Amino acid sequence: MDHKTTALVTGASAGIGAEFCRQLAGRCQVIIATGRRLDRLEALAEELAGQAEVHPVAADLGSREGRTRVIEALRQKGPADYLVNNAGFSTLGPFDVLPLDDQQAMVDVHITATMALTRAALPFMRELGGGAIINVSSLASFGPVPMAAVYCASKGFLNLFSESLQKEVADAGIRVQSLCPGYTMSEFHDRDAMSAFDRQMVPAEEWMNAPEVVAASLAALEGGPVVLVPGEGNRESARKGVARALSKLEA
Ligand SMILES: NC(=O)c1ccc[n+]([C@@H]2O[C@H](COP(=O)([O-])OP(=O)(O)OC[C@H]3O[C@@H](n4cnc5c(N)ncnc54)[C@H](OP(=O)(O)O)[C@@H]3O)[C@@H](O)[C@H]2O)c1
């Protein structure tokens, strides 16, 4: 089979996902880049022209139709050597006040889409004899995090899913990682649903940037832990069991 090294990255239209595409362009010939904003994905394809063949796929991973569209793109352009389940968002507020539809969409984007894409990609990774699956979780998975109950719980799912899956596929040479960033500069905190969040609340030294987070993730694929917390300050928070930075939200 004439196989080109291929990555599928969700949430590639901004932040950490766009940076995954940039850094994977050094390892992959083909990148399937998904998100809802096609113009952003097209701009990324243009930026990376000459480094990798980028195929933009506009799809809402909160819908079954969107997930099916991405799986179809994987069938056409894959199989994937790298699957990065990165798309995600949060809301901020008490669970009994926030609209249930938004919380359901979070579960669908973080959990249902990750399961569906992993299920679609894995059998082909086994055939290829290797591959890597990176599920972008969060430091919040070490919560509890009041005002973000479904967010931290859905990210907690990703940690256990990844750890269990790694045991299932280790013999096939496949690496699974649950990447748990702390505060990272991106569009994450600019979204309407996060309008109650104030960046000033978090000291400057607690922020990482997306290139640092992605470099730590890719470097740890060989021999690193399944549940990876980038940044020493974040690891210290995770060790305490409750994210130090996030706990400020309780104050
Ligand atoms: N930034 C942080 O502080 C931080 C900390 C811990 C974990 N994380 C995690 O890191 C991941 C990436 O976030 P980021 O910081 O890079 O935020 P971001 O800049 O807001 O990017 C989020 C990406 O997810 C996509 N996305 C959101 N909802 C989607 C949907 N329904 N369907 C398809 N794509 C969707 C967005 O694309 P469209 O809007 O174009 O659809 C965008 O490309 C998320 O899973 C987040 O939970 C972030």
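These legends go with several close-up views of the structure above.

This is a predicted model, in which local features need pLDDT of at least 70 and side-chain atom pairs count only at pLDDT 80 or more, while totals for chains, interfaces and linings use all residues. Residues are numbered from 1 along each chain as its sequence is written.

**View 1. Helices H3 and H4 pack at an angle of about 20 degrees.** H3 covers residues 64-77 and H4 covers residues 100-128, and their axes are 10 Å apart. Helices are DSSP runs of H or I with at least four residues, strands are runs of E with at least two, and both are numbered from the N terminus. Axes are lines fitted to C-alpha atoms, for helices over the stretch in contact, and angles run from 0 to 180 degrees between N-to-C directions. H3 and H4 are therefore roughly parallel (angles under 35 degrees; over 145 is roughly antiparallel, 65 to 115 roughly perpendicular and the rest oblique). Arg67, Val70, Ile71 and Leu74 of H3 make the contact with Ala113, Ala116, Leu117, Ala120 and Ala121 of H4 (contact: C-beta atoms, placed from the backbone, within 7 Å). These residues divide into eight nonpolar, no polar and one charged (nonpolar: Ala, Val, Leu, Ile, Met, Phe, Trp, Tyr, Cys and Pro; charged: Asp, Glu, Lys and Arg; polar: the others, Gly among them).

**View 2. H4 also packs with H5, at roughly 15 degrees.** The axes of H4 and H5 come within 9 Å, and the two helices are therefore roughly parallel to each other. Residues of H4 including Met106, His110 and Leu122 meet residues of H5, among them Tyr151, Phe157 and Val169. The contact of H4 with H5 has nine nonpolar, four polar and one charged residues.

**View 3. Two cis peptide bonds, each ending in a proline.** Most peptide bonds are trans. Look for the cis bond joining Gly78 and Pro79, with omega about 5 degrees; Pro79 sits in the loop between H3 and strand S4 (82-85). Another cis bond joins Gly143 and Pro144, with omega about 15 degrees, and Pro144 lies in the loop between strand S5 (131-136) and helix H5 (149-169).

**View 4. The shell around the ligand has 28 residues.** A residue belongs here if its C-beta atom, placed from the backbone, lies within 6 Å of the molecule. The closest are Gly11, Gly15, Arg36, Gly88 and Ser186. Helix H1 (residues 15-24) gives the largest share, three residues. By class, the shell has twelve nonpolar, eleven polar and five charged residues.

Terms used:
Two residues are in contact if their C-beta atoms, placed from the backbone, lie within 7 Å.
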